[in-house]
Amino acid sequence: MPTPILRKERLIPGKTSKLVLHAPEIAAKARPGHFVMLRMSPEGERIPLTIADADPARGEITIVYLVLGKSTALLEALEAGDSILDVCGPLGRPTKIEKVGTVICVGGGTGIAAMHHIAKGHARAGNHVVAVIGAREKSLLLFEKELMGFVNELVVCTDDGSYGRKGLVTEPLKERLEAGGVGEVVAVGPVPMMAAVAETTRPFGVATTVSLNPIMVDGIGMCGACRVSVGGKTKFACVDGPEFDGHEVDFPELRRRLAAFREQEAESYDRYRKEQPHGN
């Protein structure tokens, strides 16, 4: 059954948007770390998007996406009042949240939105939540205002120094780790960022959870496309994850698999854009 779009906000025009969907059955069961599979047309592919927030009382879920290819471009063409053909979820295993004291939640890019839901879960569990978010420049930062509403500390980093601290998110992370007392680190964002976070925490022996984003086809463990190597064993991100121990993930393999269909994806996106009026 089609899922109505209640509200749409273009966070970074032409690049990143936030949708609030009316999905009461999903909202009732959604937990931090869960994701949904979306399909925009009967002939279209299914794409996974992490649930950025859920409001069971209102029957709403929030998703945030980056326009990277044809499927996300089709999603971007929809407006409030339109409907998404298929939204399946919640899928995956929810974040394991326990009261461990201080939890540092690190987010980059659209991963900040997914991290937001996890950070909120830790705050509700009574943990002291430190959010560290980063982007190339100020205009690309997401969910700063939302995080300020509940985290205990917020550190913002930009590569160019246009806002907050100049530098990478791993720098303030290392400073906090050196100060001691950190119970867990959670990282959601680009693969290089998550790999860097895992390497930063490794010498300190602090538990580190990362949320992986491999190629995914069905989201229910049938196709095997989302396989990743964790601790030398093959795991399926859709049913075994999407969260794993960052110190055990084979990040080089994950990067190679993510690039497997890059040429085909670019060709499909280029063809779609040429078919649109005025080439848009």
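Student: In which sense do β1 and strand β2 pair, and over how many bridges?
Tutor: Keep in mind that this is a predicted model. To read a pair of strands, look at the sense and the bridges. Here β1 and β2 (residues 16-22) pair in the antiparallel sense, over six bridges. Arg 7 stands opposite Val 20 in β2.

Student: What lies between the strands in the hairpin of β1 and β2?
Tutor: Three residues lie between the two strands, and Gly 14 in this hairpin takes a positive phi near 80 degrees. Strand β1 (residues 3-12) also pairs with strand β6 (residues 83-84), in the antiparallel sense over two bridges. There, Thr 3 has Ile 84 of β6 as its bridge partner.

Student: In what order do the seven strands of the open sheet come?
Tutor: The order is β11-β10-β9-β8-β12-β13-β16, and the pairing is mixed. At the edges are β11 (165-166) and β16 (243-245), each of which pairs on one side only. Within this order, β12 (residues 182-188) and β13 (residues 208-211) run parallel and are joined by three bridges. Ala 187 stands opposite Val 210 in β13.

Student: How are two packed helices described?
Tutor: By the angle between their axes and the distance between the axes. Take α6 and helix α8 (residues 251-258): their axes come within 10 Å and cross at roughly 175 degrees. An angle over 145 degrees counts as roughly antiparallel, so α6 is roughly antiparallel to α8.

Student: Which residues of α6 and α8 meet?
Tutor: From α6 they are Val 191, Pro 192, Met 194, Ala 195 and Ala 198; from α8 they are Phe 251, Leu 254, Arg 255 and Leu 258. Eight residues of this contact are nonpolar, none is polar and one is charged. Helix α6 (residues 191-201) also lies across β8 (102-108), β12 and β13, running at about 165 degrees to β12.

Student: Which residues of helix α5 are buried?
Tutor: In α5 (residues 170-179), the buried residues are Thr 170, Pro 172, Leu 173 and Leu 177. Seen down the axis of α5, they fall within an arc of 165 degrees, so they line one face of the helix. Glu 178 and Ala 179, on the other side of α5, are exposed.

Student: What do the buried residues of α5 pack against?
Tutor: Their partners are β8, β9 (128-135), β10 (153-158), β11, β12 and α6. Just after α5 comes Gly 180, with a positive phi of about 85 degrees.

Definitions and conventions. Residues numbered from 1 in each chain as written. Predicted model: local features only at pLDDT ≥ 70, side-chain atom pairs only at ≥ 80, totals over all residues. Heavy atoms only, no water. Pairing = 2+ DSSP bridges. Helix = DSSP H or I, 4+ residues; strand = E, 2+ residues; numbered from the N terminus. Contact = heavy atoms within 4.5 Å. Axes fitted to C-alpha atoms, helices over the stretch in contact; angles between N-to-C directions. Parallel < 35°, antiparallel > 145°, perpendicular 65-115°, else oblique. Nonpolar A, V, L, I, M, F, W, Y, C, P; charged D, E, K, R; others polar. Buried < 20%, exposed > 50% of the residue type's maximum accessible area, 1.4 Å probe, protein only. Arc of directions from axis to C-beta.
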